[in-house]
Amino acid sequence: MRSIPNVPSDRLPELLRRMPKAELHVHIEGTLEPELIFALARRNSVRLPYEDVEELRRAYDFTNLQSFLDIYYAGASVLFTERDFEDMARAYLERAAADNVVHAEIFFDPQTHTARGVSMETVINGLHRACCNARDDQGVDASLILCFLRHLSEEQAFETLEQALPLRDKFIGVGLDSSEVGHPPEKFARVFARCRELGLHLVAHAGEEGPPEYVWTALDLLKVERIDHGVQSAKDPALLRRLAKDRIPLTVCPLSNLKLRVFPDLATHNIGQLLHAGLVATINSDDPAYFGGYMNDNFLQTFAATGLTAPQAFQLAVNSFEASFVSSTTKRHYREMLEGTFASFV
Ligand code: ADE
Ligand code: ZN
């Protein structure tokens, strides 16, 4: 596509909604809406420390990452059966399809569940079935990325990998999430080296609240292919140059950053600066049920607050496909779909 049509600002929201896009940073446990938490609690006879959906929603007032994680892990404690995991993932995929997400790479946190006695097979088989059905039912192509919890030990990460290996064909890669500060990437260097030998894709959360140093070590010691969040990289010009030169994508999550107070408001978010520096930056929802918005909410609110325009919308969607772990043929197909949407948008 030679040039991106000039789109008047009042029509930009429609274009943002309509354009096909990939979501590369979403935690499936972070898509559990309060209504589904209560429905699953009822189904599994779990007593929640909240009277109703409204009281639970009122607790979603976070001051930083840890204050969110405490509630997020408590919410996930209603999941027990394959059907529970499938229902959760189906609900997300239906919602994503409504936002014209055509491809999703979905994180899951098995240790949150295996620690409660739920088997690895239950977790992965339930999620995987929803991904397979989404292809036929919603036309969304979805795959799974297993995340290690970084506040737990290297030994526990190795045990988790062992438990997951019989289901190796049902996930495409591994990631690293949970409490960042005090748990630097190097803690998991040997686990990631083993995953690399196994041919798994590698990603890691770094530079969400943690320093640019964690992004350097995620790149150099874990050898990740993408950085999740990475917004603190802007504090280090040499790191920005490295990310741009090696085309290492950042999966940025603006509403998450707002709700966890990484930025005081969306107008001061650095997504525009990251794009301007030539990075393969993308927009994603992270934990949409907790942060007040799915993909299109993230796009619409960020564009409204920062003044980004149609060419940057196109770039962000192109970046989402380039940063994905699909074949180059599929990337080309997605790009053609995107160009078609822009060309016919009048
Ligand atoms: N797990 C779920 N959401 C997360 C986030 N934003 N950062 C780290 N770990 C997470
Ligand atoms: Zn995340």
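This is a predicted model: local features need pLDDT of at least 70, side-chain atom pairs count only at pLDDT 80 or more; totals for chains, interfaces and linings use all residues.
**Ground rules.** I number residues from 1 along each chain as written, letter chains from A and number ligands from 1 in the order written. Local features need pLDDT of at least 70 and side-chain atom pairs 80 or more, while totals for chains, interfaces and linings use all residues, and side-chain values use heavy atoms, without hydrogens or water.

**Zinc site.** I looked up the protein donors of the zinc ion (ligand 2) and found His 25 (NE2), His 27 (NE2), His 205 (NE2) and Asp 286 (OD), 2.1 to 2.3 Å from the ion. Donors here are N, O and S atoms within 2.8 Å of the metal (3.2 Å for Na, K and Ca); water is not among the atoms, so sites may look incomplete. The spacing I noted is H-x1-H-x177-H-x80-D. His 27 sits in strand 1 (residues 21-27) and Asp 286 in the loop between strand 8 (281-283) and helix 14 (288-291), so this pair ties together parts 259 residues apart in sequence. Helices (H or I, at least four residues) and strands (E, at least two) are DSSP runs, numbered from the N terminus.

I also checked burial: His 27 is buried at 3% relative accessible area, and Asp 286 is buried at 2%. Buried means under 20% relative accessible area (1.4 Å probe, protein chains only).

**Helix pair.** Next I turned to helix 7 (residues 120-137) and helix 8 (residues 154-164), which pack at about 60° with axes 9 Å apart. Axes are lines fitted to C-alpha atoms over the stretch in contact, and angles run from 0 to 180 degrees between N-to-C directions. I found Met 120, Glu 121 and Ile 124 of helix 7 in contact with Thr 160, Gln 163 and Ala 164 of helix 8, contact meaning heavy atoms within 4.5 Å.

Terms used:
Buried means under 20% relative accessible area, exposed over 50%, partly exposed in between (1.4 Å probe, protein chains only).
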